[in-house]
Amino acid sequence: AAEEEEEEEEEEEEEEITAVLVRGPNTGSLLVDPRELSQYVSVSAHAIAQEVFVPFQCDRPVPPEQPAASAPSRPLTAIEVLQATLSHTFGRTSKDESPNRQEEAGVQPQGFTLCDSVRVSPDVSRQSLVISWMSSPAADLVADSVCVVAREVGESSGPALKRMAGRCV
């Protein structure tokens with residue numbers, strides 16, 4: 001039953017607007033195609049792409065407080081701790097398949113996307129995260145959360161950061 005409700009919600013989110021009701025003093029009420037809206041009213045729609053740089057040492061190793069039996073052979077990086085921390089809150093994260101913004105010799109930290117809308121990419125040369133998204137109320141909220149948690153992870157050290165890393169394993 002829960003799966004059916006989720007599918008219905010997803011279908012509702014994907015529905016396209018097929019008509020808009022326009023009311024005017026000279027036209028009365030008209031049902032028009034969204035592409036023809038500009039013929040009846042002077043309204044425009046815009047998409048705003050946003051990008052924020054947050055100081056962050058993406059490749060900084062963070063050993064867990066108490067290594068678990070299933071702990072990875074190498075310490076987690078700060079960006080991996082950030083991704084794991086955010087995935088506990090938002091659930092949906094996916095690793096970026098695209099090449100990293102900054103190519104250098106050696107292993108580069110990998111970026112990720114939250115809630116299919118906010119992309120978090122490392123910029124190792126600037127020692128920062130690049131957070132990018134198309135503006136919307138939900139994406140703005142997620143991006144703000146990423147900034148706050150990134151600052152917390154980036155500024156934490158010692159036991160607090162090790163505890164975060166320990167929960168990620």
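## Cysteines

With a disulfide taken as a pair of cysteine sulfur atoms within 2.5 Å, the count of disulfides comes to zero. The structure is a predicted model, in which local features need pLDDT of at least 70 and side-chain atom pairs count only at pLDDT 80 or more, while totals for chains, interfaces and linings use all residues. Residues are numbered from 1 along each chain as its sequence is written, and side-chain values use heavy atoms, with hydrogens and water left out.

Relative accessible area is computed with a 1.4 Å probe on protein chains only; buried means under 20%, exposed over 50%, and partly exposed in between. Cys115 is buried, at 14% relative accessibility. Cys147 is also buried, with a relative accessible area of 18%.

## Helix α3

Helices are DSSP runs of H or I with at least four residues, numbered from the N terminus. Helix α3 comprises the 19 residues 137-155. The expected span is 1.5 Å times one less than the number of residues; for α3 this gives 27 Å, in agreement with the 27 Å between its end C-alpha atoms.

The buried residues of α3 are Ala139, Val142, Ala143, Val146, Cys147, Ala150 and Val153. They lie on the same side of α3 because they cover an arc of only 145° around the axis, the arc being that of the directions from the helix axis to the C-beta atoms. The face turned away from this buried side carries the exposed residues Pro137, Leu141, Val148, Glu152 and Glu155.

## Glutamine 83

Gln83 is located in helix α2, residues 78-90, and is buried at 10% relative accessibility. Apart from neighbours within four places in sequence, Gln83 is in contact with Thr93, Lys95 and Phe112 (contact: heavy atoms within 4.5 Å).

Key:
Helices (H or I, at least four residues) and strands (E, at least two) are DSSP runs, numbered from the N terminus.
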